Each structure stands twice: as structure tokens, then as C-alpha cells.
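Have a look at it first, then read on.

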Amino acid sequence: MSTPYPFTALVGQTDLRLALLLNAVSPAVGGVLVRGEKGTAKSTAVRALSTLLPQVDVVPGCRFSCAPTAPDPACPDGPHESGPGAARPARMVELPVGASEDRLVGALDIERALAEGVKAFEPGLLADAHRGILYVDEVNLLHDHLIDLLLDAAAMGASYVEREGVSVRHAARFLLVGTMNPEEGELRPQLLDRFGLTVEVAASREPAQRVEVVRRRLAYEDDPAGFATRWAGDEHEVRARVVAARALLPQVVLGDNSLLQIAATCAAFEVDGMRADIVMARTATALAAWAGRTGVRKEDVRQAALLALPHRRRRNPFDAPGLDEDKLDEILDRFPDEEPDHEPDPDPDPDPDPDPEPDPDPEPEGPDDGDGDGPDGDGNGVPPQGEGPHGDAETPESGTPDDPAQAPAEEPAPAQAEAPEGQPSAQGTDAPEQAAVRASEPFRTKMLSVPGLGEGAAGRRSRARTAHGRTTGAVRPRGQLTKLHLAATIQAAAPHQKARGRSGRGLVVRGDDLRQATREGREGNLVLFVVDASGSMAARQRMSAVKGAVLSLLLDAYQRRDKVGLITFRGAAAELALPPTSSVDAAAARLERLPTGGRTPLAAGLLKAHEVLRIERLRDPSRRPLLVVVTDGRATSAGALGGDPRALAGRGARLLAAEGVASVVVDCETGPVRLGLAGVLAADLGGPAVSLDGLRADSLAGLVKNVRTSVASHAPHRSNRRAA
């Protein structure tokens, strides 16, 4: 077994370490969601925490880790006889992104249940994690139904497995930790709310702290055991403090004044529901126990708010999580300080550093300096190593992406009309780009879906064969049976009962009688936006409305669990502004900064879409694409291709149609005189054209729900168009 990186050797990341330790003290806090860019110690910190948890006593031979002093009366391996337990380290169980439902909650052997009448249950990861840590890396990439099962078990402290009337229950109390990179997609607000605490992490931009990260990581990789030995003293102190805080926790008193502070804070920040109040109360209590106090103070409530509220104020995927600390201080200043009646230990923090006045901003130091990198006495008990990252081998590049929400608004430059093909233009192919304009307010869109029946990842857009949904039929199982079709199984077994010697009331069922249920639900698609950013869009002041429409479609894609990509074309070429991703807020940020100007290389945009979809088909063949082309249909530049721009655009569109790509054209042409070029493009693509106004869900104009593809030619008896 490999030696984990020591928790106390992590550099910086004070909030992350504190949140993890608070959950170690009180798992009732509800777990931690760690959000941050790659290479910021998220995984390293979680794995290191498992070494700080005290050992647990378990019933020998129990697969569900029952405590010998209080075994679970409903344990599938029970009932347990009284006797001595066996001590073992607390487990750290990892849930892979591609795990199945049976791997998470456990599997019932339906064949044995029907034929023998026994409950043959194979425990899942929830059982393995009982009384330990369940770690979910890239939790935002898990299927929603798995996240629901996971969070339900964490909230109830038990896992329930139901299969065709056969049920099993077992205890499942664990410290839940999820990590995610927001660039790869966000969690739904309903799921965010189920995590007790959330921490934002980022790499330090201070060279000295980055140097310390590299120094410690290289020392660990050269000699993991020796590196861990040098930090063993600090690890022991923190481990002892966790045990002491757990023992003190039942004695901590949460006074009425503290409860009023919590309620006032949640009300002032307009947090939905009451879960935030409960989590804040539990967190403040854990903070007091961690500090060695039996009374909750105002600073505990403040710290609890910073950890428990930011992610609960997020209303839509384009809102950045955060909390106004000035407003928080203003709320808490209205209340008098409340001191606890007594404190068992005025200085419970075991600090190996003999210096009574530590430097409030110490320089990062290695473990060999003997300078005491253990927990400090600042009240949060987190080792004081500055504010850098950790021990991860990967370190992000310097610089941070531009935040369009914080950038000053720019006045759009005067629009320039696009010159006809063959005439000189002030913009030309290398004309200076015009200032980006802000998007108009998003609106609820009508649904666009891909025709036919897919088999992609679960979502909410197009029809597909899925593991969850309405039952549509039965088939012989391929491999292990997962969803039994009971009626079909009985029907298959019934004709053979006499030949099998049935004598009693029970049905004689054999393996070849079993039938797998086929189900139909909805899948998520790859929605690839191809947006015209040429001068013809800016000249008529349409870009704000166009951006608002695309932003609305992005919001719809978020709600329907789609992947999204963004291609823009202007001047002489097309650009992949955002490769296909699950992060719709990243697409919204790129859209906000989108400049306009130049000629219209429509063919280049379509060919770029063809290339992107070809690559994505190799990466994820089961995810069907939906192409959304946002343009007025003009084509005034052939770019590097040469030839007639309109003819090239038509050829590119027919190429996409021939490969069965479902497409829809959002017609941006306005004004009393219209050329109808977007309609011609839609006909070449084999899909519908819809105006910006017709895209609205409350519009009176009809909208095709299922877009046309070349597949329609193989199924003439089905209509690809349905009234919205």
C-alpha cells in the first residue's frame, strides 16, 4: 500500500483543511464540496485526511462494519452476537465517475431470490464507506440519479436497495467529500444544497509558496516513507485533536443568541429552505469543539457562514458562488458578543513551536526546519503554511481567466456595413474587431430535440434507451441482469412448470427464463453552436439579441444535461471558441467576450463544425449531436477555400446533412426586406429555420421540436415535424 501524502505537509489551503477537519469532528455537518482549478491539492488533501481519522472497532466478519457495542439491528449479516471487536483503520473509499448504480448501493441476485427465496446481497461502495470517508472525484460528472442516491444515503445514514419487491437496508454513515473543476460543468443548485460545506480553492500566485509546494512534493516522491516520518509528529497531534474534539462535541452549547445570528444571516442572504440554518448550526458547534470550547461564539457563526452559504446563493448556472463579507459583518455586528460560561482548556491547541508570538504571516518552511508546522493557536487549528497550494504534482499555469462580469462595460463601436463580395471593404479580412456587446436578457426557449431513439448519457432532451424511465419491453439479458421484467419472466417460465416437476405453489424459475426490462427515457446531446460574428451582424445592431438567444439556449442545455461547444466565424476563417464541454457557464463567458466585424465565411464555419463533430463522434459515439447555426444566411467570403462563397456554404451544409447531423438554423435577419438566405441554408442542412422571436417558448409562432435529418428519408412513415 502506498504511503499517502501527510495532511499537515499541505501548503496553504486553510479553508479546505478546516472544512475537512470539521467534518472529521462532526460528520453530521454534511460533507464538503471542493471546487477549484486543476492541480490545487483537492484529491491530495482528501486522501491525506483518511490517515487522521481514529481507528474503528468492527464486528469480525461483518461486511457492513457494524460496531460491536451497537450493531445495526437491520444489518444483512446480522444478527450479531456480543463479543470483542476488531480494530481497523477508517477506510477512504473512492467512487469512480463511471460507476454503476449496483456498484454504488449494492446488487441483489434476483435469480436466487426468485428460484431459492433467499436475499443474496453483494454490498456496494456505500457499505464499504460506512464509518469512513466516501470520496467522489469529479462529482459534477456523475449521473444525476447516482448523485441523488449518494446524497440520500448521506442524509439518512442508511442505504436502501429495492429490486422487484425484494429490499435490503443497511447503515451508511460516512464523511462525504466531493471535488470538481467548475470548467467541466456545474452541479444543479438542488444538489449543491445537499452538500454541507463548499470550499473554493486556487493555486497561489506567490513564487515563494509555489517553490515550497514543488520542494515538498519532490521530497515526497523521492522517499514517501521518509517524508511521512518527518511529519509523523504533526500528524499525531492533529489526530489527537480530532479525537478530543469529537469527545467534547456533545458538551458544546449553542445559545439562543447564536441561533438568532444564524437565522438572521440566512434570512438576510435570502437562502432557500432551512437546510442552511441547520448546517450553519452544526458547523458552528463543530468549530467550537475544534477550538476546545463548550460555547459557540460570534466568530464561529461567521466562519460557518463563509463555509455553508456561498454555494446556496446560486440561482442559475451563470451565477458565481460567493458571499459579501462586508454584509455578513454588518449583520453580525447587530448582535452582542456571547461568551461561554466556562472553557475546559483555555489553550487546547498542542503547538510544538515554543515561540509564544508566532509570525502572523510566516514564510513557507520545509519539514526539516524543525520550526513547528503543526496546528497553530489561531482558533481554527489548521497548520499555518501560508496560502499556497499543496502536494499535488500538477501545478496550474500562472494567470487567471478574464472575468467578463467584472470587466468594465465597453461602448460598442459604430457599426460598419459589410461590403458586397468583390468590392473593397474598410474591414476586409483583417479588419479590426469591434467591441463586444452585452447579451440581452435570456428567455425560456422552446425545446429542440434530435429525432429517433438514441442510447446516450442520461439527460432531458431527446428520446433514448436508458437505465431509468418507462418500461417499453423485455429482452434476454446480456451479461448480469440489472432490471428484471417480472411479467415477462413469469410468462417465459410458466409453460415449463410441468416438465420441471413443479409440485407446490412456488414457481420453478431457471436462468434462461429471466428477462431484462428495456426502458425509454431522455438523453443529453452535444449541442454545437455555430455563431455568425461578421460585420453583417453588428451593422444592424443585432448582436445583443443574438447573444441573448444563444445564452437562452445555453441555459436550456444546462437544464437538459447537454454538452455544449461554440464555433464562431468572421473575417476569413472560423474558430473553435470553446471545445465541447459540460460547462455552460464557460460557454456563456466566451459568448460575452465575442467580438464582431469582417466578412462572412459561412462555409468555413460549417466545415469547422463538421470537423469538430467528426472528432467528438470518435470520443463519444453514443452522444448524438444537435447543430445550431445562428446566422442571417449571408456568405460573402470563401476564405482560404476559394470559389463562390454561397456555393461553398451550400456544399458544407449538404455534407453535414448527408452524415445525418440534426440541425436547426436560427434566422437573425430583421427588417422589412428579407432575403430568406437562412431558409435556404436550413433546407441544405435538412433542418428547420426559426426566427429569434419564434425561439421563445411563449411565442405564438410554431417551432419544430424534432429537427430534420437525413434519417427521415429512411423512415417516411414518421413525421419529423410536430407542432410545438
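## Before we start

An axis here is a line fitted to C-alpha atoms, for helices over the stretch in contact, and angles run from 0 to 180 degrees between N-to-C directions. Helices (H or I, at least four residues) and strands (E, at least two) are DSSP runs, numbered from the N terminus.

This is a predicted model, where local features need pLDDT of at least 70, side-chain atom pairs count only at pLDDT 80 or more, and totals for chains, interfaces and linings use all residues. Residues are numbered from 1 along each chain as its sequence is written, and side-chain values use heavy atoms, with hydrogens and water left out.

Let's begin with α17 (residues 543-559). Is α17 mostly covered or mostly open? It's mostly covered, with 14 of its 17 residues buried; buried means under 20% relative accessible area, exposed over 50%, and partly exposed in between (1.4 Å probe, protein chains only). Just after α17 comes Arg 561, with a positive phi of about 65°.

The axes of α17 and α18 (residues 584-592) come within 10 Å and cross at roughly 175°. That makes the two helices roughly antiparallel; under 35 degrees counts as roughly parallel, over 145 as roughly antiparallel, 65 to 115 as roughly perpendicular and the rest as oblique. On the α17 side, the residues that meet α18 are Lys 547, Val 550, Leu 551, Leu 554 and Tyr 558. They face Val 584, Ala 587, Ala 588, Leu 591 and Glu 592 of α18, where contact means heavy atoms within 4.5 Å. By class, that's eight nonpolar, no polar and two charged residues. Ala, Val, Leu, Ile, Met, Phe, Trp, Tyr, Cys and Pro count as nonpolar, Asp, Glu, Lys and Arg as charged, and the others, Gly among them, as polar.

## The six-stranded sheet

Six strands line up as β16-β15-β14-β17-β18-β19 in an open sheet with mixed pairing; two strands pair if DSSP finds at least two bridges between them. At the edges stand β16 (573-581) and β19 (689-691), each with a single partner strand, so one side of each has no neighbour in the sheet. β15 (residues 563-570) and β16 pair in the antiparallel sense over six bridges, and Arg 570 stands opposite Ala 573 in β16.

Our friend α17 turns up here too: it lies across β14 (526-532), β15 and β17 (625-631), running at about 175° to β14.

## The five-stranded sheet

There's another open sheet, in the order β4-β7-β10-β1-β11, and its pairing is parallel. Its edge strands, β4 (92-94) and β11 (197-201), each pair on one side only. The twist averages 20° from one strand to the next. Five bridges join β1 (residues 32-36) to β11, and Leu 33 has Thr 198 of β11 as its bridge partner.

## Some backbone details

Which peptide bond is cis, with omega near 0°? The one from Gly 78 to Pro 79, and Pro 79 sits in the loop between β2 (56-58) and β3 (86-88).

Glu 270 isn't a glycine, yet it has a positive phi of about 55°. You'll find Glu 270 in the loop between α11 (256-268) and α12 (275-290), where it is exposed, with a relative accessible area of 57%.
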